[in-house]
Amino acid sequence: MTVLHLLENIKHQQDASLTFRRSCRSGICGSCAMKINHLAKLACKTRAKAEAEKHGEILIEPMENMPLIKDLIVDMSPFWREIDRNTPWLVWDEATRDSNRENLLTNEQQYISGKVADCIMCGCCFSDCVSRVFDKNFNGPASLAKIHRFVADPRDKEGAKRVHGLVEMGLWSCTHCYFCWSQCPRDVRPVAAISALRVLSMRSLDPSQGARHVQAFIDSVKKTGMLNEATLYLRTMRTATLKDLDLILKMALKRKAPSPFRRPLPRIEEVRSLFHLCKETAEK
Amino acid sequence: MPIILLEVGNGFSMVKHDVVVVGAGLAGLRAAIEAKEKGADIAVLSKLHPARSHSDQAQGGINASLGEDDSWEKHAFDTVKGSDYLADQDAVEFMCKDAPRAIIELERWGALFSRTTTGRLAQRPFGGAGFPRTCFAADKTGHVLQTTIYEQAVRGEVQVYEEWFATSLVVEDNVCKGLIAIDIVTGEVQAIETNAVILAAGGAGQVYSRTTNSLSTTGDGIAMAYNAGVPIEDMEFVQFHPTSLFGSNILISEGARGEGGYLVNVQGQRFMEKYAPDKMELAPRDIVSRAIETEIREGRGFEGGYVHLDLRHLGEAKINERLPTIRELAIYFAGVDPVKEPIAIQPAQHYTMGGVATNFDGAASIKGLYAAGECACVSVHGANRLGGNSLLDTIVFGKRAGAKAAEFAKAASAISFPQTALKAERERIELMLNRKEGVKASAIKEALGNTMFVKVGIFRHKRELETAKKNIAALKKQFQNVCVMDSSRRFNTSLIEALEVGFGLDLAEVIVACALARKESRGAHSRVDYPKRDDNKWLKHTMAVRTATGPRLFYKPVTITQFQPEARGY
């Protein structure tokens, strides 16, 4: 028996006014997302007994980060608005409109896009997204994952260009809490897509603030084995006001930031070899 | 996109468009994209968000003769033979010729089809096909296509009225002038004025207790047409899918057999060798479902009433690559890992071959009304649909209906929408909402589903059909006194469920009437008391029209072009 079965029984036997969405009952349509014992899940894919045994009760609530309409039904328009901010379709080559041959593509080339295309737009990741609670401009896991689906598709005419402008949509707001991975009923792993988009953002010719921040982090640790927060700040922001310089000075005085002329740590080569190893592994 | 309501006096507000599509699955959205491209002011109205549509549930694939040695004629022949010669062959030819174009278009729009090692579209064998011509996206083809087509509809700025439930068509002097719908969120009953309506609201699976269909697949579109006096066609032909999970009836794709799965009875025998020695497990669905049901009835099923679908010999790698959803569904909903154990399966209702009678322009018999997809009966599926042909039907005839409806709407003169229709519908719904006691819709639905599965199922007999007729008449009477049990206006899903049950009762009555009248066995309609196909008397389509005393039946000849009816062996 699933949580959806329970809800249907309550509706049909006890209280007809109990309101929730449902349709396919097999975990594919994405209608019945709701909070079950504090985490967003599909009611049709959640076994009632297991929930009750694990938590001693089955607490059912509407999803978060979206306004409530009634009982377990939320207004999902914030979720869809975020999806719609990003050209959520494959930009195909209209010159080939009348072509009678398909694009040649291997299963391997489609693998990443296919993983994200499993997304059923249920909203579980959006509901449980911690960053979205604090940053209403954050595009959200499903939407960013969908961008990666197109970026990774060789047929898309926009391709890597889609990464521009993502900073304004909060690409760097994700805190890597991994709830979007753990709560996804289709194993889409949005956080992995977000990481991939960040890598692309770093490689782009005009790196964004977030990308510069990460690069400054790497350079500082590679060079001295330590994080120099003063240079980190300057390199991230690119410009500094008098107020910023004041802050940096205070940081130095309080020994929060090492001197820019400080020598590297004694066994710096070990730190650098770690970077080297990471790079090699990633390239593989 | 904001919804524009026009004030028309008397407190009425009205939505107005050239063309309105009911249903946002593959057929509906494909129609909308096409009509929009043709310049029509179009809107889609759906009781669900488009991403929730039942098209999403399709698993196995979509047919097109792309192979070097394949041809549209072979595809057409397989389709006609699969239909037990009841399909209209001109329509079948149109569909099979258009199939390669339609699939390449979806690929260009971004559909992630499974590929061959050379990067072409991969194709798998499917039931009743003489050639591996089923393109697929692992075992989630419907989801991939629905996502793709929804993306392109967003790109085309197709306006969607999400969570609006259409309750009736407004027809006057044989012209469709619009429809009445409930905005589910507010509970407001609204009139929608339009030159053309395209019904694309899917099949009627939920009139059966055992079905692979979504809870939302309740035949609304077919019933609305029927209630408006439009003929509906071949409703006795109901497809039972051979392999649904025992108990929950969640679909296990034909792809599982296409990839080489075996059907095995309690004696460990691959029993299909008795029923279809050549095609074995890949015989058409009507034949495989009857075989499973026969094994169970004759005591060779497992206790409780099921047989085994065995995939173990395919190996874990192939199952993961080609059938990942099947593995997941079996583990999740049946507690069985198909890599290690066979899956317990039983047949369940799966597809409505009948529907709103249309020609292959999608046009129904009244002006301004079109239908496409499972909701329509063109007829390309006749008495039995081949797997992989329903997705094809939706995109080929969806596009066609969209184009034709747009053309019609542009040429149509201004219509006068009868305001009395809205008033009458508002009163009917108010009455249902305010009734303090009566029978619950869910109880009627359960009784109806059981009657239909037991008495109007895989095998049929006059005696049982007569009982079903009586049961349904009694349930219809109860329904006159149906109690919604919730009188609120805002997002009242109990009201929607009650209206859906009302539609189901109307369609069940028609299914039984048509099944009683057809004294032969053809395709999915299997009469124990008339076990032979009878081309002399019954090579014709059943048409049903609503009258005050129930459905009136008449018949329409089958269009035959190049394939003369012959014995159907596999």
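Trainee: In chain B, what share of the contacts with a separation of 6 or more comes from residues 24 or more positions apart?

Mentor: The model is a predicted one. Chain B has 16 helices and 22 strands. Among its contacts with a separation of 6 or more, the share from residues 24 or more positions apart is 74%.

Trainee: What radius of gyration does chain B have, and what would a compact globule have?

Mentor: The C-alpha atoms of chain B fill a box of roughly 70 × 55 × 50 Å along the principal axes. Of the 570 residues, 63% count as buried. A compact globule with 570 residues would have a radius of gyration near 25 Å, which agrees with the value for chain B, 23 Å.

Trainee: Which helix of chain B gives the most residues to the side that touches chain A?

Mentor: The contact joins 42 residues of chain B to 40 residues of chain A. On the chain B side, the elements that give two or more residues are helix 3 (89-108), helix 4 (141-155), helix 10 (324-334) and helix 15 (493-517). The one that gives the most, with seven residues, is helix 4 of chain B.

Trainee: Which helix gives the most to the side of domain 1 of chain B that touches domain 2 of chain B?

Mentor: The domain assignment places domain 1 of chain B at 241-347 and domain 2 at 419-531. Their centres, taken over C-alpha atoms, are separated by 31 Å. Five residues of domain 1 of chain B are in contact with five residues of domain 2 of chain B. On the domain 1 side, four residues come from the helix that gives the most, helix 8 (residues 285-297) of chain B.

Trainee: How do the residues on that side of domain 1 of chain B divide into nonpolar, polar and charged?

Mentor: Five residues of domain 1 of chain B take part in the contact with domain 2. They divide into one nonpolar, one polar and three charged.

Trainee: How many residues of helix 7 of chain A are buried?

Mentor: Helix 7 of chain A covers residues 141-151 and is mostly covered. Its buried residues include A:Lys146, A:His148 and A:Arg149, along with A:Leu144, A:Ile147 and A:Phe150. The count of buried residues in helix 7 of chain A is eleven of eleven.

Trainee: What covers the buried residues of helix 7 of chain A?

Mentor: A:Pro141 and A:Val151 are among the buried residues of this helix. What covers the buried residues includes helix 3 (77-84), helix 4 (107-117), helix 5 (124-127), helix 8 (179-182) and helix 9 (190-203) of chain A.

How values were computed. Residues numbered from 1 in each chain as written. Chains lettered and ligands numbered in written order. Predicted model: local features only at pLDDT ≥ 70, side-chain atom pairs only at ≥ 80, totals over all residues. Contact = placed C-beta atoms within 7 Å. Domains from an automatic or database assignment. Nonpolar A, V, L, I, M, F, W, Y, C, P; charged D, E, K, R; others polar. Buried ≥ 20, exposed ≤ 12 C-beta atoms within 10 Å, placed from the backbone. Rg over C-alpha atoms; globule rule 2.2 N^0.38 Å.
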